[in-house]
Amino acid sequence: MAAPSPAKSMGDPGITPLSPTHIQQDTDETPSGPSFTVVVAIDFGTTSSGYAYAFAKEPECIHTMRRWEGGDPGVSNQKTPTTILLTPDRKFHSFGYAARDFYHDLDPTESKQWLYYEKFKMKLHTTANLSIDTDLHAANGKRTKALDIFAYALAFFKEQALKELSDQAGSEFDNTDVRWVITVPAIWKMPAKQFMREAAYKANLVSRDNPEQLIIALEPEAASIYCRKLRLHQMVDLNTKTTVNGYNPTENVGAGMAQGDRYVVVDCGGGTVDLTVHQIRMPEGHLKELYKASGGPYGSIGIDYEFEKLLCKIFGQDFIDQFKIKRPAAWVDLMIAFESRKRAAAPERTNPLNINLPFSFIDYYKKFRGHSVEHALRKSNVDFVKWSSQGMLRMNPDAMNALFKSTIDHIIQHLTELFDRPEVTDIKFLFLVGGFAESPLLQRAVQDMLQGRSRIIIPHDVGLTILKGAVLFGLDPGVIKVRRSPLTYGVGVLNRWVDGKHPADKLLVKEGTRWCTDVFDTFIAADQSVALGETVKRSYTPARPTQQIIVIHVYCAEKEGVGFITDPGVRKCGTLRLDLSGTDPPPPAPGGGPTRREIQTHMQFGDTEIRAMAVDVATSRSVKASIDFLSQ
């Protein structure tokens, strides 16, 4: 059934736009907000997180956070695992290595009461109707509000960063002097970005009264900003497979990015893979997006799921499900052991990879099944995983590589489709960034796919690329001048009826006038270029002179040409709310009737978040406007 017409359900053509105009402002003027002495960026990742900062007076000097206690073997610990531990009465206890180690050291009977969360960021990407009330499951199966968990994590980073800044300054550092930046995947939809902002308000990172103190940065954009400044000694060129040590170590990538150079950034993280296509515009080195961000949930945790599926095949799904709930800390241990072996996988590897099975796995399996782990391995028809006498799972390299296959295939398929697009030609460089970019298997697959068409560049500190780029973005948010809209956005309106043009089921007769309902008034189309600061202007009229609030439904679609809000693929995705309560209605018109009141709304689509402003035309007073994408 078609969605009811908003005009019919609202009973009034009160949202007829008076003047649809699309204006481009002078894009060189980016609003200069309050001045901050320092920018702190938080890279809130699926598997690991961290922060970095730079002072406005020394923008070239980016400090990454102090080293953390308790790293893993074979894993660099500039970032900490994205893990959170709450006490049995749901109070914040610890974050990162500290949370993991404390949880691990708890007695099994006790650990069942504690709430441990890991890899929870993906919930924001995979939840279809994300809201403030979305839940998360802890390792022991208990639920809590996702917003609380995200807020705890941000509050933890706020405390750590301010402490480090205060220690450096030798006196208490004031939060109002900080501009905060939080990174999110570019393929995230608006609700997920807004959710992050709500979590930041809840964590008191910034207040609602001062929203511009927080910037949401897109991960591959941040990486892009950092990569175009790379010096030759700071990266590996896969085409020559050597660290690029040119004659002049201060030279930029391949003797510098020239005017008009196009490059792709492939951000391979724990949860998602994000692809961005940028072109550099000289002389200032501003960036222009050439094709809307694409990608998907193809991060390295996909390999963890494949490993889990393999364990289920050998030991039975029923056992693994039980083990995870009954011995949650041991399960975490097993996945840590797998992580370090996962990092040792390489195309040419011939010797097997040994994965330590925790004692409680072996013990619990015997209780559960009545026979040994060794027996299960012999009985299962998984011939490439053996039992070693030291109490380890021994995987041959092909078995390990097979776990990577589906995730890497997804990434390569996506890259192939991207490079086949007409907008994506003459790509000079492909930057491989994010933690998963360190995988030799992924690097080889990308090389095989590109066949030398572009130079593949991997920054040295590949896991910190986004973090450092996010700091640079916070120092100069105007560096990306043109973006592409990921979706088509618009509202439903009434248009004057045109015989022969409009379908009969859309006819609405009101006071003798014939209207066509459900018309989709496009604000911006999918993949349309939008300059920073460019606004879409619409005028709306309250249905009654005394109306205090105008609520307008915003619709979106993946495709470009949308005719009606009832078209397939069009969905309601948000609301535009105009609050007129603080402004006086206009005086009556000559002759005693009410004056038609006009509220002019400006919407900005060229930034990482969509913004709205409004003004009462008669009085030139500003009207409170907000655009909300989180389903209530």
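1. Let's start with Arg-538: with a relative accessibility of 4%, Arg-538 counts as buried (buried means under 20% relative accessible area, exposed over 50%, partly exposed in between, with a 1.4 Å probe and protein chains only). Arg-538 sits in strand 28, residues 535-540 (strands are DSSP runs of E, at least two residues, and helices are runs of H or I, at least four, numbered from the N terminus). A polar atom of the Arg-538 side chain is 2.9 Å from the backbone oxygen of Thr-522.

2. A word on the source: this is a predicted model, where local features need pLDDT of at least 70, side-chain atom pairs count only at pLDDT 80 or more, and totals for chains, interfaces and linings use all residues. Residues are numbered from 1 along each chain as its sequence is written, and side-chain values use heavy atoms, leaving out hydrogens and water.

3. Now zoom out. The protein chain has 15 helices and 33 strands, and 55% of its 632 residues count as buried.

4. Have a look at helix 15 (residues 465-475): 10 of its 11 residues are buried, so helix 15 is largely enclosed by the rest of the structure. Among the buried ones are Ile-466, Lys-468 and Phe-473.

5. Which residues does Leu-290 touch, not counting residues up to four places away in sequence? They are Arg-262, Val-277, His-278, Gln-279, Glu-423 and Arg-484 (contact means heavy atoms within 4.5 Å). Leu-290 belongs to strand 17, residues 286-296, and counts as buried at 5% relative accessibility. Between Leu-290 and Thr-276 there are 8.2 Å in space, C-alpha to C-alpha, and they are 14 residues apart in sequence.

How values were computed:
Polar contact = N/O pair within 3.5 Å; in protein donor to acceptor, adjacent residues only side chain to side chain.
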